Amino acid sequence: MKKSLFLPGQGEATRFAALMVISFILMFMDLRLPFMATVRGYLATAVYPLQRAVDFPGRLISDTSSSYQSRGKLQSENQNLYTENQQLRRQLLKYEALVAENSRLLQLLQSSPQADRDIVVGRLLGIDMTPYQQKVTIDRGSRNGIKVGTPFGDGNGMMGQVTRVYYYHSEGLLLSDPTHATPVRVLRNGIRSVAIGTGYTDKLNLLYLPANSDVVVGDMLVTSGLGQRFPADYPVAKVTAVDQSGEEIFATVNAMPLANLDKSTEVLLFVETESKRNPETEIAPTEIVDPATMAPENATVTSTVEISQSVNPENGVSE
Amino acid sequence: MNGDRKLKIMSTTLALILMILPLPEWAVAYRPNWILLVAVFWIVYAADSMGITVVWFLGICLDLLSGATLGQHPVSLMLCAFIIIQLQQSFKIYPIGQQCFVIAFLVLIYLAITRWLFGDKPVIDDWSFWMSCLTTALLWPWAFVLLRELRRNSLASDL
């Protein structure tokens, strides 16, 4: 009986039709019903060993090549890393001071500092880059604290965000996917825009920039932090072409992502640390308050009503 | 587990792995449709063991591995398998060139369905659409000879 399930013959056409219908129903369910994400999670974890197997040859090659390297090459590499480390440490000295100053200034403005993010290093296990979708598989999952929406990048800039999370691994959408939009701003003057993917890893389109806006080739684009997905001020892309011929209302601006979307094999995942996130203060608008009228933290309720109402309506409603 | 069965599982697993192996961007367009190659071989030369159900299962695995909507790959893969099941007897006696041509036709159908269901722009003008057909068709003679020899060995060792 069991063997007849796989026998071709008169039953084949019926079986074909039945499985075809099942596939279409599955597609519908997968796209529509939220509980399918859980089902999918279990199934995907079951095939995860295959995903690891894909990574195995590459890892083997890099492991063997790193254990059989010439002494001279290692020495020069070591020297390079040493000088780079020195430079980075020098920059870091200034960075500490800047962070302290920044958080002091933000306190003066009664604005919450940005939530801190831990960095988790992951490897790309799979890449699916056809012009209609640009997806990657990363070998870090919910057990490493990854969530849906966790942004990731490489050393040069942002690469994309996580769209599905499983226990051992996760799937990410690249910036260049045609369905992906990244809120950005021009670093030089703060003009905001949305960078939308084109399906090609070396090209993003900037939307809604008026024809007379001040954008030139070479401008750096950083994340604006609007939309609450990407942390603010991480580099994204560099403007490569600007067309302001004036026939359209909006300028046509192209940009090239700074991250190596098609070459990186290691990614940095910016995982939000749980403790510092406070949704109330994050949603509150940043009001510019004159320092003179600003009350110290332990002041009486009556004097802070005005400020706290504008900053945080939850606590401010006393009357 | 007999050798024939082992070979079947190993070849399909390898095909699945090759389907999701990360490639540089320029090479993605040339990725042969490994799973189709292997499925066609087993359907034509070991029809009693590779039916439409197994093909469906392979498609589901591919969906899970590539993060596609569940059911996307089974639809196109099963349609190709169904065509080859119908052609099965005559396909065996086709000259190799004609076999390649049929394979290319199957890949075209496969890609057309996938993109018709899930793409949002016209793709016939896209090179990857045609390159994958070409590489898969060119690989068929080699895959066929390799699998046939491996299968002969495994069958011989079973005796």
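Student: What makes up the secondary structure of chain B?

Tutor: In this predicted model, chain B has seven helices and zero strands. From the N terminus on, its elements run α-α-α-α-α-α-α.

Student: How many of the residues in chain B are buried?

Tutor: Buried residues make up 57% of the 159 residues in chain B. To be counted there, a residue needs a relative accessible area under 20%.

Student: What makes B:Asp4 and B:Arg151 a salt bridge?

Tutor: Their side chains meet at 2.9 Å, N to O. The cut-off is 4 Å between a side-chain nitrogen of Lys or Arg and a carboxyl oxygen of Asp or Glu, so a pair of this kind within that limit qualifies. B:Asp4 lies in helix 1 and B:Arg151 in helix 7 of chain B, so the pair ties together parts that are 147 residues apart in sequence. B:Asp4 and B:Arg151 are both buried.

Student: Let's move to chain A. Why is A:Asp139 called buried?

Tutor: Its relative accessible area is 4%, and buried means under 20%, so A:Asp139 is buried.

Student: And why is A:Arg140 called partly exposed?

Tutor: A:Arg140 has 24% relative accessibility. Partly exposed is what lies between the 20% limit for buried and the 50% limit for exposed, so A:Arg140 belongs there.

Student: How do you know that A:Arg140 forms a salt bridge with A:Asp139?

Tutor: Their closest N and O atoms are 3.6 Å apart, and the limit is 4 Å, so the pair counts. A:Arg52, A:Asp139 and A:Arg140 are linked in a network of salt bridges.

Student: Which parts of chain A does the salt bridge of A:Arg185 and A:Asp233 tie together?

Tutor: The side chains of A:Arg185 and A:Asp233 meet at 2.5 Å, N to O. A:Arg185 lies in strand 6 and A:Asp233 in the loop between strand 9 and strand 10 of chain A, so the pair ties together parts 48 residues apart in sequence. A:Arg185 is partly exposed at 22%, and A:Asp233 is partly exposed at 46%.

How values were computed:
Residues are numbered from 1 along each chain as its sequence is written. Chains are lettered from A and ligands numbered from 1 in the order in which they are written. This is a predicted model: local features need pLDDT of at least 70, side-chain atom pairs count only at pLDDT 80 or more; totals for chains, interfaces and linings use all residues. Side-chain values use heavy atoms; hydrogens and water are left out. Helices (H or I, at least four residues) and strands (E, at least two) are DSSP runs, numbered from the N terminus. Buried means under 20% relative accessible area, exposed over 50%, partly exposed in between (1.4 Å probe, protein chains only).
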